[in-house]
Amino acid sequence: MCGIIGYYGQHPASKILIDGLKRLEYRGYDSSGLCLVEDNKLVCYKQAGPVTYLEGAIAHQDLKGHIGIAHTRWATHGAPNEINAHPHFDCHHQIAIVHNGIIENYQALKQLLSSEGHVFTSETDSEVLAHLIEKFYTGSLEEAVIKALALIEGSYGLVALHVNENKLVAARRSSPLVIGIGQGETFIASDVPAILNHTKDVVYLEDGDLAIIDEGGYQIKNLAGEPLDRRVEEVKLNIDQIEKKGYKHFMLKEIFEQPQSLVNVLAGRITNNQIKLSLNWHREAIERIIIAACGTSWHSALIGKYLLEEIVGLPVEVDYASEFRYRHPLVNNHDLFIAISQSGETADTLAALREAKNHGAQSLGIVNVVGSTVAREVDSGIYLHAGPEIGVASTKAFTAQITALLLLAFYWRQEMGYKIDESILSELRHLPAVVEKTLKANGQVIELARRFMNFEHFLYLGRGLNFPVALEGALKLKEISYIHAEGYPAAEIKHGPIALIDDNMPVVVLATKNDLSDKILSNIQEIKARGGQVIAIVDQDYEVVKKLADYLISVPPVHVWFSPVINVIPLQLLAYYIADAKGLDVDKPRNLAKSVTVE
Ligand code: F6R
């Protein structure tokens, strides 16, 4: 949430900063700003709206500064306008800061600083950082930042500069920062894509780290000022992985990348009909599984519950990470806590993980972003290797998460001494090809999207493993097309939602063949009897539903365990094509950001 980039080097910083911000816009795009040091002055620009507005504002300026910081914002405290855009300043415009995170005690600090004569210009929590640094500044930015941070409650990824010092000072607590090491230049950013054009050698800062970037390169210290040694890592990502490659939107590209992302998540993990995972766990000690996640990842967690309970035979509890962390959960060392997160940086998921670990639970992460905080804090993990997901609406991470959960369930069962049916393993191996086939039939979805784009409400229904898929379909539609949509377990509609059904309420029903098919048929009949319009997701050969439903989307038949991966694809496409037909900015839906690093 919010993107930060800082630069120290030989080149004019402004273009590097703007290009970096564009790559970070998935983290927020309410407003943006940058600040350079030029001739012992701060030269700063801010704009409400996306980074292109900022780019336009500086287009005809001759900006020469070689040291600078920039920020793209997702508003937490204060409206998304120019005044609240970062960087923020001290009273004398000598110190500039960019900040990601939330300063929880900002009101008390603001009061204190105001009583001491500091004048605030924005409504943000972040501005207190600039004034606190000013309060403690006696000639060393580094010392002032350390003293300021000692008073801060909350989270920060912070980069600061002072007009009289040729350096950047950065610090991290619960909000990621990565240093990029170039030839005679150093970068700092909230995520690797911002600097990937320039370098692949990076150092991830840990919580409690302070970084000083200057002409000597970089140094990392703790908040007592003592030097720390952090490993330089080589990023495996390529620049073309973070380009649109001819697709209109990242979301569409990522939907169509799913065959490849599933190949990646399976790669090297099925050999000789054996699932191979390397987990650092005490399996025999585990009596219960707890999964916590947010949003789309929470939907995968629900699917994980069905799969793990059935395949492994242990009880599984699924929690919203934001609820788990505050409900004094009863957790002990016989629990396995699974954190599912595409970004590995979601604040609530991270806090839930820490809470579970504090209670003695073993931990496992299902994470996409390599080197992210969740990935680094779990006892063991399964990386998705799905490649960067840039579209704000999660798609390929979802299907990769389900596939990782399938791998975990089968691996676990195998470790318990059971053999996994060859036919099941074969279906798992062929899942990417079936996804490919499903995607090829997108024409049927485009047509339906045109027909239904002006409806204001949708219901999504599914049962069993496909109930979370219904939730996911509804989430995709609402977040990118702003159409109200609800997902329900199909049988639940009789307990209230059926009252909503009339011919203005399209109902998307996941009706692929499985043990619950007869029940789904009855649910469809109940909807039809009330004049509802049914769009059914069906297996190609499922004649009964074909006769009942008004509109059909056919998908290839698969074993029910694999059906969420296949069935969600037309729902992702439906949401995408509706939002696109409405002319909306699919990759940057209003009010959202990709990585939710505040609670
Ligand atoms: C929805 C979406 C969000 C994320 C949620 C968790 O399309 O992307 O609901 O799934 O913010 O994010 P991660 O998985 O990064 O923890």
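Helices (H or I, at least four residues) and strands (E, at least two) are DSSP runs, numbered from the N terminus. The model is predicted: local features need pLDDT of at least 70, side-chain atom pairs count only at pLDDT 80 or more, and totals for chains, interfaces and linings use all residues. Residues are numbered from 1 along each chain as its sequence is written, and side-chain values use heavy atoms, without hydrogens and water.

**Exercise 1.** Describe the largest pocket and its lining.

*Solution.* Start with the term. On a 1 Å grid over the protein atoms alone, a pocket is an open set of points where a 1.4 Å probe fits, with protein on both sides within 12 Å along at least five of seven lines; lining residues have an atom within 4 Å of a point.
- Lining: 41 residues, with Leu-237, Asn-368, Val-369, Val-370 and Pro-388 nearest the centre of the largest pocket.
- Elements: strand S14 (233-234) and helix H7 (258-266) each give at least two residues. H7 holds the largest share, three residues.
- Domains: domain 1 (3-240) and domain 2 (247-439) each contribute at least three residues. These bounds come from an automatic or database domain assignment.

**Exercise 2.** Which residues lie closest to the centre of the second largest pocket, and which helix supplies the largest share of its lining?

*Solution.*
- Centre: 28 residues line the second largest pocket, and Cys-294, Gly-295, Thr-296, Lys-594 and Val-596 are the closest to its centre.
- Elements: at least two residues each come from helix H8 (295-311), strand S19 (335-341), helix H10 (347-358) and helix H15 (467-481). H8 provides the largest share, five residues.
- Domains: domain 2 (247-439) and domain 3 (441-599) each supply at least three lining residues.
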